[in-house]
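Welcome! Take a moment to turn the model around on your screen, and then let us walk through it together, from the whole chain down to a single side chain.

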Amino acid sequence: MAGYLCVYSLFYNRLKNIEESEGGLDKFTKSYKTFGVNQLADGGIYCKEWAPGAQAVFLAGDFNGWNPSSHPYKKLEYGKWELFIPSEDGCSPVPHGSKLKVVIRAQNGALLYRISPWARYVVRDEDKVNYDWVHWNPPQSYIHKNPSPKRLKSLRIYESHVGIASPEGKVASYKNFTYNVLPRIKDLGYNCVQLMAIMEHAYYASFGYQVTSFFAASSRYGTPDDLKEMIDVAHAMGITVLLDVVHSHASKNSEDGLNQFDGTDSCFFHSGYKGNHQLWDSRLFDYANWEVLRFLLSNLRMWIEDYHFDGFRFDGVTSMLYHHHGIGTGFSGDYNEYFGLHVDEDALCYLMLANHMINTLHPECITIAEDVSGMPALCRPVAEGGGGFDYRLAMAIPDKWIQIIKELKDEDWNMGNIVHTLTNRRCEEKYIAYAESHDQALVGDKTLAFRLMDAEMYTNMSVLMPLTPVIDRGIQLHKMIRLITHALGGESYLNFMGNEFGHPEWLDFPRIGNNESYHYARRQFNLTEDDLLRYKFLNAFDRDMNKLEERFGWLASPQAYVSEKHESNKVIAFERAGLIFIFNFHPYQSYVDYRVGIETPGKYKILLDSDAGEYGGHQRLDHSTEYFSQEYPHNYRPNSIMVYIPSRVALVLHTTDIPK
């Protein structure tokens, strides 16, 4: 752990410098209230920018007839610039809704019209390519009415994208999500929504991962107040709201992004080769730069305090952690892969500072790391020398399901390998399990449902059609894969919107390559509402699976005890949160009086049966059956029960009679 000790020393020194030179972390990260263009109580305007490479800085816009030199900034120390514009008879000299630009005189004398990195609202007219900065200062901003939910013990996350959250071929709105999608999420039993593509991004097809304006909520879905209302309504429903935050890189756009803001190749980024991501074609932040730390930390705080987000999923953490950005690199778990000169200590220090700030100022907030490398201690507290995250994504799990379905016949599925992948996680670090996320839904890949049922989803999902072997297999395995991932794979669970009911086809945003079509940039929730389609079965199972977890809390319980992973029988059995989970993955073999080892004696009954009729099953089990335990040790458990377990069926049992 010498690498972490070195970074912890760096973290401590930077935190100490913040305390001594900036008046503390609280003041340092409140910079979002002073940088950019800010309305003062007396009606005046205070502006502040960091542009170390500029010769001069001006403010131009509708308010001064776009005069590029009438409102010059005053130069301060360390590349900062400020401007004060007095009120006009108590009224703001820059009206709400007026367009603005920061005008930079570069070192070569050229005038560069830029959007402030701190801009809160940017819009694009239909006839324009670039975004415009619009001063957002409405007479009455949205006032939050509902407190954030208490910190959840069991996170059931619904990964969402506002723009595609409609069956219609268009960009959907915050309002649509508020009144049509949030009730659906609540009904499905998810208690957390993770929002993608909220930070403004000029290129819609980037899925929100090429951010151009870090402090602006995307205007393509509505206004900042619309987003605030959406989060407030979610809180009223008891739903936690997380932001998918992108601090790992930034768009290369200069006209409406951060790139070359002050006319130089650096400013917020490393200069030259080090400042460019070779695969993503984007810019890489200089995490050692004081003003970059101010910018990014203040950005996190703004989303929490202005919009009331309850935490973050940090995207691209692997790219941040290593100088090689994970490109062409495999991770086996060897500690030499995590500690050495290839680790970007400045980036890791930034992540520790971010988590420390969030935990200090808003301890109720949650942070999640998207890290494929498995960096040790990333989800241990900063005080212990760890990275400070609460959860990390279990990214090996969806890859394993894809590999199994793509490469193996059902008879060759390896039960031990499945269990190993689902349980192979670092002790005392929390993992978010998922069978698939947005990554698998994108064009060029396939969702689990599409891999399982493929072209037959177009013709045979009607209940009026005979149940074909392909559709039957797909429906049964879809349920089993999701339940075993949910129950065995981690301390939280995630699902990408629509995948809960086996959304057909793929996800593709409008672009030149598809003639700017929205056909695949939508979620057909209406499919679950059609009683003649089999999507309703998968939707119902997903809902009841979540409701059962809500009742018993297996995600917040200790890791499961796996008593059986039988290769020839294709049976997996385990206990967690007082429940017995039994999976028969065999494609055709059912078992009568199958003995399952258990810890707790008593009388057991079925709580969840994937073979039930309401889930598109074959109804081979009698739910009134009572299973009595026997003092017969089996698979290293002191007791056992005998069950009937049909082929391709998952069962959850619970005791109704625990002897004293």
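A contact, as the word is used here, means heavy atoms within 4.5 Å. Among contacts in the protein chain between residues at least 6 apart in sequence, 72% join residues at least 24 apart. Please keep in mind that this is a predicted model, where local features need pLDDT of at least 70 and side-chain atom pairs count only at pLDDT 80 or more, while totals for chains, interfaces and linings use all residues. Residues are numbered from 1 along each chain as its sequence is written, and side-chain values use heavy atoms, with hydrogens and water left out.

Let us begin with the whole chain. The protein chain holds 13 helices and 29 strands; these are DSSP runs numbered from the N terminus, helices being H or I with at least four residues and strands being E with at least two. Its radius of gyration, taken over C-alpha atoms, is 27 Å, close to the 26 Å that the globule rule (2.2 Å times the number of residues to the power 0.38) gives for 660 residues, so the chain is as compact as a globular protein of that length. Along the principal axes, its C-alpha atoms fill a box of roughly 85 × 55 × 45 Å.

Now look for the barrel. It is closed by 8 strands in the order E10-E11-E14-E17-E18-E19-E20-E21, with parallel pairing; two strands pair if DSSP finds at least two bridges between them. From one strand to the next, the twist averages 30°. Helix H7 (residues 345–361) lies across E17 and E18, running at about 165° to E17. For such angles, axes are lines fitted to C-alpha atoms, for helices over the stretch in contact, and values run from 0 to 180 degrees between N-to-C directions.

Our next stop is helix H12 (residues 469–488), with 20 residues. Why is H12 largely enclosed by the rest of the structure? Because 18 of its 20 residues are buried, which means under 20% relative accessible area, with exposed over 50% and partly exposed in between (1.4 Å probe, protein chains only).

Thr-485 sits in H12 and is buried, with a relative accessible area of 0%. Among the residues that Thr-485 touches are Trp-401, Leu-422 and Tyr-493.

Conventions
Expected span 1.5 Å × (residues − 1). Lists of a residue's contacts leave out its neighbours within four places in sequence.
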